[in-house]
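Colleague: Could you take me through how to read a few features of a model like this one, giving the general idea before each case?

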Amino acid sequence: MRRTVLEQFPAGGPRGSRPAEEFAAARRGEGMAAEVVMDLERDVFLVVVPRQPADLGR
């Protein structure tokens with residue numbers, strides 16, 4: 001499945017801080033199917049949404 005990255009956050013944030021999860025929750029509150037995934041190679045959390053059919057041509 002192809003996904004679009006909305007935002008990325010460093011993995012080394014302060015203990016108890018979850019900015020990627022908070023950002024994704026806010027997007028879900030707006031009706032987006034946002035989720036958080038980890039990019040191990042770059043050591044960042046990505047907030048992603050599934051690509052819409054209209055986005056596939058880009």
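Modeller: Asp 43 counts as partly exposed, at 45% relative accessibility, where buried means under 20% relative accessible area, exposed over 50% and partly exposed in between, with a 1.4 Å probe and protein chains only. This is a predicted model, in which local features need pLDDT of at least 70 and side-chain atom pairs count only at pLDDT 80 or more, while totals for chains, interfaces and linings use all residues. Residues are numbered from 1 along each chain as its sequence is written, and side-chain values use heavy atoms, with hydrogens and water left out.

Colleague: Where does Asp 43 lie, and what is its phi?

Modeller: Asp 43 sits in the loop between β2 (35-39) and β3, helices (H or I, at least four residues) and strands (E, at least two) being DSSP runs numbered from the N terminus. Its phi is near 55°, a positive value in a residue that is not glycine.

Colleague: How many helices and strands does the protein have, and in what order do they run?

Modeller: There are one helix and three strands, and from the N terminus on they follow the order β-α-β-β. Of the 58 residues, 19% count as buried. Taking contact to mean heavy atoms within 4.5 Å, 53% of the contacts between residues at least 6 apart in sequence join residues at least 24 apart.

Colleague: Is Asp 39 buried or exposed, and what does its side chain meet in a polar contact?

Modeller: Asp 39, which lies in strand β2, is buried, with a relative accessible area of 18%. Its side chain makes a polar contact with the side chain of Arg 42 at 2.8 Å; such a contact is a pair of N or O atoms within 3.5 Å, where within protein one must be able to donate a hydrogen and the other to accept it, and residues adjacent in sequence count only if both atoms are side-chain atoms. Apart from neighbours within four places in sequence, Asp 39 is in contact with Val 44 and Leu 46.
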